[in-house]
Amino acid sequence: MLLRLAYYDDPFLRKKTKLIDKIDDSIRTLVENMTETMRKYDGMGLAAPQVFVDQAIFITCVPKQKEDGEWGEGEVRVFINPKILAFSQETWSRSEGCLSLPNFYEEVVRPVKIKIQATDFERESFEEELVGWDARAFLHENDHINGVLFIDRIKGKKRKDIEPILRMIKKKYQGK
C-alpha cells in the first residue's frame, strides 16, 4: 500500500522518533508499505517520519554497480533503532535529494565511511561498516529519524541561496 509522504516544512519531519520495542507483523507491514512507496517515487531510502510514523526505522536501497559498469537495483535494507558508532574523518561531497523535497538536489558533505549498529527483523542487533553510497544513504535516513533534513547540512551563502526554492516547495506541497 502506498503511504502518504510528509513534505518539506511539515512539523512531523522535525520530530525525533521513538525507539521500537516490539518487532511484530505491524513493523513488517510498515516496511513492505515503505518499500512500495520508496520504489513508486524512485527513492534510495525512506524513513518512518517521511510517512508520518513516529518510530526509529528506515530502509535504504542503494543501486549497485555491476561488473560491466552498469548500475542495477540494490537490495532493500531495514534498519531498526539504528545508531552511528563511528565515522571517518575523510568526507566527500555529493548531490543529495529527498522524497520530502521533490525535485530538489544539492551538494552535501558527509563522511565516506561509518560504523553502525541496528536491529533486524529477528530482533538481533548487528554492527556493520558502511562505505560510500551505502554510508551516505544511511546517514541521510538516520538524520530523518532525528528530525534533521539534508538541507540543514547546507550552510552559509549556499543555504541563503536555496531559501526561495524551499519556499516554492513549501507552497506547492503544503497540505498534500
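Modeller: Buried denotes a relative accessible area under 20%, exposed one over 50%, and partly exposed one in between, with a 1.4 Å probe and protein chains only. The model is predicted: local features need pLDDT of at least 70 and side-chain atom pairs count only at pLDDT 80 or more, whereas totals for chains, interfaces and linings use all residues. Residues are numbered from 1 along each chain as its sequence is written, and side-chain values use heavy atoms, with hydrogens and water left out.

Colleague: Is Trp133 buried, partly exposed or exposed?

Modeller: Trp133 belongs to helix H2, residues 133–145; helices (H or I, at least four residues) and strands (E, at least two) are DSSP runs numbered from the N terminus. Its relative accessible area is 32%, so the class of Trp133 is partly exposed.

Colleague: Which residues form a nonpolar patch with Trp133 on the surface?

Modeller: Patch members have over 30% relative accessible area and no salt bridge; like charges are joined within 9 Å, and nonpolar side chains (Val, Leu, Ile, Met, Phe, Trp, Tyr) within 5 Å. A salt bridge places a side-chain nitrogen of Lys or Arg within 4 Å of a carboxyl oxygen of Asp or Glu. Together with Trp133, the patch has about 310 Å² of accessible area (Shrake-Rupley method, 1.4 Å probe; for residues, only the protein chains shown count as cover).

Colleague: Is Thr60 buried or exposed?

Modeller: Thr60 lies in strand E2, residues 57–60. Beyond its neighbours within four places in sequence, its contacts (heavy atoms within 4.5 Å) include Met44, Phe79 and Phe138. Its relative accessibility is 4%, so Thr60 is buried.

Colleague: How many disulfides does a search of the whole structure find?

Modeller: A disulfide here requires a pair of cysteine sulfur atoms within 2.5 Å. Cys61 is buried at 8% relative accessibility, and Cys98 is buried at 9%. The cysteine sulfur closest to that of Cys61 is in Cys98, at 16 Å, which is too far for a bond. Over the whole structure, the number of disulfides found is zero.

Colleague: What is the radius of gyration of the protein chain?

Modeller: The C-alpha trace spans about 45 × 35 × 35 Å along its principal axes, and 47% of the 176 residues are buried. The radius is taken over C-alpha atoms, and the globule rule is 2.2 Å times the number of residues to the power 0.38. Because a compact globule of 176 residues would have a radius near 16 Å, the value for the protein chain agrees: 16 Å.
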